[in-house]
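Welcome! Have the model open in your viewer and work through the exercises below, trying each one before you read its solution.

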Amino acid sequence: MAEQYGAFTTGTGPPRIGVRTDDHVLDLTEAAHAQRRPYAHLVEGPTLNPLMAAGPEVWAQVREDVGRWEPTIALSDVTPHLPFEVADYVDFYSSENHAANVGRIFRPGGDPLPPNWKHLPIGYHGRAGTVVVSGTDVVRPRGQRKAPDDPAPTFGPTRRLDIEAEVGFVVGVPATRPVPLGDFDRHVFGVVLLNDWSARDIQAWEYVPLGPFLGKSFATSVSAWVTPLAALDGARTRPPARTGPLLPYLDDTGTPPWGLDLTLEVELNGTVVSRPPFATMYWTPAQQLAHLTVNGATLRTGDLFASGTVSGPAKDELGSLLELSWGGRDEIATGAGKRTFLEDGDEVVLRATATNGVRLGEVTGRIRPHGA
Ligand SMILES: O=C(O)/C=C/C(=O)CC(=O)CC(=O)O
Ligand SMILES: [Ca+2]
Ligand SMILES: [Mg+2]
């Protein structure tokens with residue numbers, strides 16, 4: 001397992017920076033100071049942001065050091081905290097299978113993909129302040145719900161609480177200019193697993209014409225441990241063949257590819273219900289970052305952008321219950337009975353393994369009823 005970076009406590013006091021290897025954690029705050037390393041002031045905690053801002057040369061130096069240092073704290077003895085301070089949060093929509101499935105379920109009769117889909121990575125701005133660390137309970141949100149046949153909306157707890165299995169990319173080095181495809185790894189520090197919890201009834205009623213809002217803003221969970229981008233070098237792969245030419249700022253035919261060969265795993269109440277393949281994503285994270293900045297929007301340390309739900313072509317490769325149950329029509333077998341959408345008390349775990357053997361930090365969450 002490659003090392004992963006996070007923020008942790010073992011008792012009282014502010015979070016320290018830790019490096020996890022399998023089931024042990026190295027106290028990097030302590031080790032860097034004890035060894036008088038030049039980056040020690042960047043790893044004092046309580047978040048990874050100062051280290052993330054320092055750039056690839058410092059990241060490489062730290063990686064080399066931690067490869068020689070023994071992690072001595074048992075993982076079970078640490079309390080993980082949100083590893084980085086989230087600046088802005090953006091969510092893309094880059095799985096062709098997912099986008100076409102949601103199009104069929106939400107907009108039957110129309111084209112599954114909108115006309116812009118193959119020309120740009122579609123995304124929306126999410127809510128940075130409600131990004132939570134793995135292990136945080138998710139309270140069932142309330143809101144306006146209206147099924148197509150209902151005469152009027154009603155207010156109450158969502159009846160269609162869902163997950164979205166995604167991969168998130170964490171920006172380290174800020175940018176004041178557009179980031180070309182080839183500069184992706186000069187800015188992105190690492191990778192997390194991300195669950196974009198979604199209330200489908202709230203979403204389906206509110207989203208026209210400005211997109212997801214309260215149906216997704218109540219919570220987004222990220223793994224406590226960030227895998228450095230460099231650890232995934234051996235998992236890079238070509239994205240699927242493009243069906244048409246791309247504008248130059250998105251055209252990656254001449255550059256080393258930033259597709260990543262990762263297999264995700266969605267576990268619901270102890271049962272693996274899906275294994276979404278990340279290599280099927282049409283838009284790569286490098287294209288997403290190039291698009292995110294092409295209009296002159298600046299980047300900050302802690303900016304988080306997510307891939308969009310990862311869904312493969314097969315029935316057991318879908319990254320949301322909306323797709324697995326096909327809009328609530330089919331039941332999914334789990335360790336606590338059959339489900340279409342999430343019930344109170346349900347627990348979701350997302351995991352991922354890369355072809356080079358590297359595992360991403362897992363992200364877990366349990367549903368709590370409103371008011372409990
Ligand atoms: O197609 C829609 O109207 C909405 C789809 C989503 O819920 C998408 C979303 O959050 C982006 C993604 O995860 O792919
Ligand atoms: Ca999403
Ligand atoms: Mg969300």
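Two strands pair if DSSP finds at least two bridges between them. Helices (H or I, at least four residues) and strands (E, at least two) are DSSP runs, numbered from the N terminus. This is a predicted model, in which local features need pLDDT of at least 70 and side-chain atom pairs count only at pLDDT 80 or more, while totals for chains, interfaces and linings use all residues. Residues are numbered from 1 along each chain as its sequence is written, and chains are lettered from A and ligands numbered from 1 in the order in which they are written.

**Exercise 1. Strand E14 and its partners**

Find the strands that pair with strand E14, and decide whether the residues of E14 are buried or exposed.

Solution. 
- Step 1: Start with strand E13 (residues 165–171), which is joined to E14 by 7 bridges in the antiparallel sense. Within this pair, Phe169 faces Val191 of E14.
- Step 2: Go on to strand E17 (residues 227–228), which runs antiparallel to E14 and is linked to E14 by 2 bridges. Here Gly190 has Pro228 of E17 opposite.
- Step 3: Strand E16 (residues 220–222) is another antiparallel partner of E14, again with 2 bridges. Asn195 stands opposite Ser221 in this case.
- Step 4: Now for burial. A residue is buried if 20 or more other C-beta atoms lie within 10 Å of its own, exposed if 12 or fewer, and partly exposed in between, with C-beta atoms placed from the backbone. In strand E14 (residues 188–195), 8 of the 8 residues are buried, so the strand is largely enclosed by the rest of the structure.

**Exercise 2. The shell around ligand 1**

Which residues come nearest to ligand 1, and which helix gives the most to its shell?

Solution. 
- Step 1: A residue is near a molecule or strand if its C-beta atom, placed from the backbone, lies within 6 Å of it. Of the 13 residues around ligand 1, the nearest are Tyr93, Val102, Glu164, Gly308 and Thr309.
- Step 2: Helix H4 (residues 96–106) gives the most to this shell, with 3 residues.
- Step 3: Sort the shell by residue type. Ala, Val, Leu, Ile, Met, Phe, Trp, Tyr, Cys and Pro count as nonpolar, Asp, Glu, Lys and Arg as charged, and the others, Gly among them, as polar. This gives 5 nonpolar, 4 polar and 4 charged residues.

**Exercise 3. Two domains and an open sheet**

Work out how the chain is divided into domains, and what order the strands take in the 5-stranded open sheet.

Solution. 
- Step 1: The chain splits into domain 1 (4–81) and domain 2 (89–368), with bounds that come from an automatic or database domain assignment.
- Step 2: Taken over C-alpha atoms, the centres of domain 1 and domain 2 are 28 Å apart. Their contact involves 14 residues from domain 1 and 19 residues from domain 2.
- Step 3: The open sheet has the order E4-E3-E2-E1-E5, with antiparallel pairing. Its edge strands, E4 (73–74) and E5 (79–81), each pair on one side only.
- Step 4: Inside this sheet, strand E1 (residues 4–9) and strand E2 (residues 16–21) run antiparallel, joined by 5 bridges. Ala7 has Ile17 in E2 as its bridge partner.

Conventions: Contact = placed C-beta atoms within 7 Å.
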